[in-house]
Amino acid sequence: MVGASRLCAQATLMAALTCVGAAYAGAEAAGAPPATAPVVAPATPAPAAPVPVAPSLYPCASAPPEPVALGMAEWNGWGRDLVNSRYQPEPALRAKDVSKLVLHWAYALDAPAVHGQPIVVGGRVFLGSSSGRIYSLDARSGCSYWTFTAGASVDSAMIVGELGQPKLVKNKWHPWRRWHKRLRRWRRGRGINAHIAVIEPPSGLYFGDAAGEVYALDAQTGALLWKVAVGAGLHARVSGSPALSGTSLFVPLTSVDGAQGTVVAMDIATGAVRWRTDITRDLIRSAGDTGITAAPTVDTRRGVLYVAAGEAGAIVALDIADGKPRWVGARPQKRFEVDRRDASPATAGGGHRSSPTPPILQTLPNDKQILLSATPSGIIYALDPDRDGALLWRTDVEPGADSITWTHAADHRNVYVAFERSDPKPGAAAGGLAALGMANGSIRWLKPFAKPACAPAGPACPRLPVRAVTVIPGIVFCGSSAGQLRAYSTINGMRMWNYDTAGIVQTVNAEQVRGLSLGVSGPAIVNGMVYVNSAFQDGGGSSGVLLAFSLAGK
């Protein structure tokens, strides 16, 4: 175990950070916005490639003034909320201002591969990496509060949970106390909120690693609270982001060969295992693998945990209390799709595992809830959780689309899904972004992507893997492995902003570093800032970087 270190000295934060990566110059395919659309902020010419410099920690001057506490302004876990919507309803960022986003700070990472996305809770950014290092950074400046090193790669998003209930601060008795009580009652009766002092409980930071160990750290200090090897006897790794509800942590596991998936429920205070459920081939009625790489979805109304198992993404409903399976949802398939063995575990030649998307539980205007999911073959569909996962509708997003992985998000009206074509025909788009009505799956708009050159390698990309989608009111963000982070209007799909994450940036803790393509994760958006890592190694590179954007001048 490597303990966390409390950091003390602080370097001077530069007044402004300038992105010197070249902006994306490729034209959009059919459906490109007119000339009057908001334009991309100009970029300065790219300098020569920087000399690699080992990143320092860039410590904060002092410990954070407030404890890590859950609140409204946060992005906690993979999907931000229990239902995995990837929708930030209060981003403190207006749709009309998105075109003004600029790089606020950048933090060089010590690992060239970061698969998990950052989370933002209590004014801190928490991020894991392939080296096993966990970072706790200040959300506004990027300085480091502490680091911790796990025993193996941490490839999924982490999650924060409170270890107890807030406690009221009781004032000592004094002669005027009775009048203070009357005053508080009078203020409450007139809708005036009186300040109530509370002591926040400590919060735990939870995550798992590639060796199958689950960790709980003190989110304030980085001290290890407990560590449990839940995958040791199964030869399994923690393959998806954990979910947390009440005092239970739900951890998805996958065997090293990808064949067997397991869900484990643990006590957040002690790490004790409450139940363990294996997802078998017989259970999901499939001859393929049953690994779980997507975050579970929590349904508090029905007391159910939903997991997407296997490459086809079969939705399995488990009882939260004991882990017993309740039902397995319908799974639509294309005629040519039969367990897609060719898209299974990565081969020595660089093959790519096709990963299912986490299910999204959304509520329609009539208060009926539906489960939204997608197959890796390009179909998005809805299930009825009140009828044992019966199929409500299915939509083949785009003829020829053959991959939807990690990518969909939903607001109160639409579900947004990015797709790709592994082998597009000449002149055809390499993929696209679509908005579908949640009630019936009708396509409201579809925005094709241009086929870019691979960055930074150079030759034409044979495919354009898209990354997770994030939604705020009026804007949907989508990135790709080519290093493009884009923002589109949720109304008509018009592109509103673009940033090349594979460019060269000045970081707060090192010299200039070159960002790489986006990992599987999408951006986390909190308090007017957009956080995304550019550290997934597609085509080479020696360093990764966490990028934080804000409005110009703020």
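**Note on the predicted model**

1. C60 is buried, with a relative accessible area of 3%; here buried means under 20% relative accessible area, exposed means over 50%, and partly exposed is in between (1.4 Å probe, protein chains only). C143 likewise counts as buried, at 3% relative accessibility. The two cysteines form a disulfide with their sulfur atoms 1.9 Å apart, a disulfide being a pair of cysteine sulfur atoms within 2.5 Å. C60 lies in the segment before β1 (101-109) and C143 in the loop between β4 (133-138) and β5 (144-149), so the link ties together parts that are 83 residues apart in sequence. The link of C60 and C143 is right-handed, with 90 degrees about the S-S bond. A search of the whole structure finds one disulfide. A further cysteine, C478, is buried with a relative accessible area of 2%.

2. On the basis of the work: this is a predicted model, in which local features need pLDDT of at least 70 and side-chain atom pairs count only at pLDDT 80 or more, while totals for chains, interfaces and linings use all residues. Residues are numbered from 1 along each chain as its sequence is written, and side-chain values use heavy atoms, with hydrogens and water left out.

3. On the overall fold: the protein chain has two helices and 37 strands. These elements are DSSP runs numbered from the N terminus, helices being H or I of at least four residues and strands being E of at least two. Of the 554 residues in the protein chain, buried residues make up 56%. The accessible surface comes to about 22200 Å², and 56% of that surface belongs to carbon and sulfur atoms; the areas come from the Shrake-Rupley method with a 1.4 Å probe, and for residues only the protein chains shown count as cover. Among contacts with a separation of 6 or more, 60% are between residues 24 or more positions apart, where contact means heavy atoms within 4.5 Å.

4. Which residues touch the most other members of the largest nonpolar core? They are W105, Y107, F126, L205 and F207, in a core of 42 residues. A nonpolar core is a set of buried Ala, Val, Leu, Ile, Met, Phe, Trp, Tyr and Cys residues joined through side-chain atoms within 4.5 Å. Not counting residues up to four places away in sequence, F207 touches several residues, including I134, F148, V154, M158 and P242. Another core, of 25 residues, lies apart from the largest one, and L101, M496, L518 and I525 are among its members.

5. On charged pairs: the structure holds 12 salt bridges, each a side-chain nitrogen of Lys or Arg within 4 Å of a carboxyl oxygen of Asp or Glu. In one of them the side chains of D319 and R326 meet at 2.8 Å, N to O. D319 is buried, with a relative accessible area of 17%, whereas R326 is partly exposed, at 42%.

6. A second salt bridge joins the side chains of K368 and D384 at 3.0 Å, N to O. This pair links distant parts of the chain: K368 is in the loop between β21 (360-363) and β22 (369-374), and D384 is in strand β23 (residues 379-384), 16 residues apart. Is D384 buried or exposed? D384 is buried, with a relative accessible area of 3%. K368 is partly exposed at 29%. D384 also forms a salt bridge with R387, the closest N and O atoms being 3.0 Å apart, and R387 counts as partly exposed at 49% relative accessibility.

7. β23 pairs with strand β24 (residues 390-396) in the antiparallel sense over six bridges; strands pair if DSSP finds at least two bridges between them. Within this pairing, A382 has W393 in β24 as its bridge partner. The two strands form a hairpin with five residues between them, and D388 in the turn has a positive phi of about 55 degrees.

8. Finally, T247 lies in the loop between β13 (243-245) and β14 (248-255). T247 counts as partly exposed, at 45% relative accessibility. Leaving aside neighbours within four places in sequence, T247 is in contact with M266, D267, I268 and R274. T247 and G161 are 86 residues apart in sequence and 8.3 Å apart in space, C-alpha to C-alpha.
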